[in-house]
Amino acid sequence: MKIKNSEFTISAVNPRQYPNDDLPQIVLVGKSNVGKSSFINTMINRKKLARTSSQPGKTRLINFYKILGETNAKELPFYFVDLPGYGYSKMSKVQQAEVGKFIEQYLRKSKNISLVIFLIDIRHNPTVNDKIMYDYIINQNLPCIIIANKADKIAITKVDNQVKSLQDLLNPLHDLTFLPFSAERKIYTENVWNKIENKIVTISP
Ligand SMILES: Nc1nc2c(ncn2[C@@H]2O[C@H](COP(=O)(O)OP(=O)(O)OP(=O)(O)O)[C@@H](O)[C@H]2O)c(=O)[nH]1
Ligand SMILES: [Mg+2]
């Protein structure tokens, strides 16, 4: 995918603010600090379009970024949707519950979700919250791929095995796509673009 343009569209607090065009939405879900905003920046070759931080809990609103991609001489407009991260331990329980409701509201109300990109940390077993979120996405029948981010943090020779053992834990039937990724090193992007393109192309007019 070639990126022809990328721009911030809106920070939504309320479903009425979600874009009301019918462009496909590719949404990033995952715990706080796992690299959702970094993922977006890496995929579109922008350093800071999506706000990232070494302090977790930075993304509090639902940020929409409109992307104009091109593949095989065909323009493919879509949104990357950056959700707030869950499970930030420094937030109060009440605030954490609010973030959870916010995420759930988006996943339930947005009509144009083409793909959920569920980010986990390649180094760690999925957290309790990861499992809750994963089950929710599957039960809602949302199309989903799982990305094990921060692959630069482990030896390259261990990456494939680690992705497999994470899949054994979350998806023992192995019927979903699990891929490694590193937003830091900008590696493994091609496989992820292929998955995204497939989803966008099949629903384009
Ligand atoms: N080593 C390494 N660090 C990464 C990678 N991806 C993200 N980070 C770092 O992890 C931290 C958090 O990244 P963000 O992209 O802000 O994470 P987020 O998931 O958007 O976090 P919230 O907005 O709090 O939910 C930053 O310091 C990033 O530089 C990666 O692939 N490798
Ligand atoms: Mg973020």
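**Exercise 1.** Which residues does L28 touch, not counting residues up to four places away in sequence?

*Solution.* Start with the ground rules: this is a predicted model, where local features need pLDDT of at least 70, side-chain atom pairs count only at pLDDT 80 or more, and totals for chains, interfaces and linings use all residues. Residues are numbered from 1 along each chain as its sequence is written, while chains are lettered from A and ligands numbered from 1 in the order in which they are written. Next, two residues are in contact if their C-beta atoms, placed from the backbone, lie within 7 Å. With that rule, L28 touches K36, F39, I40, F80, V81, D82, L83, I117 and L119.

**Exercise 2.** Find the order of the strands in the open sheet.

*Solution.* Strands are DSSP runs (E, at least two residues), numbered from the N terminus, and two of them pair if DSSP finds at least two bridges between them. Seven strands then line up as β1-β3-β4-β2-β5-β6-β7, with mixed pairing. At the edges are β1 (2-12) and β7 (177-180), each pairing on one side only.

**Exercise 3.** Describe how β3 and β4 pair.

*Solution.* Recall that strands of a sheet pair through backbone hydrogen bonds, either parallel or antiparallel. Here, β3 (residues 62-71) and β4 (residues 74-82) are antiparallel, over nine bridges. Now pick out one residue: N63 has D82 of β4 opposite.

**Exercise 4.** State the order of the elements from the N terminus on.

*Solution.* First count: the protein chain has five helices (H or I runs of at least four residues) and seven strands. Then read along: β-β-α-β-β-α-β-α-β-α-β-α.
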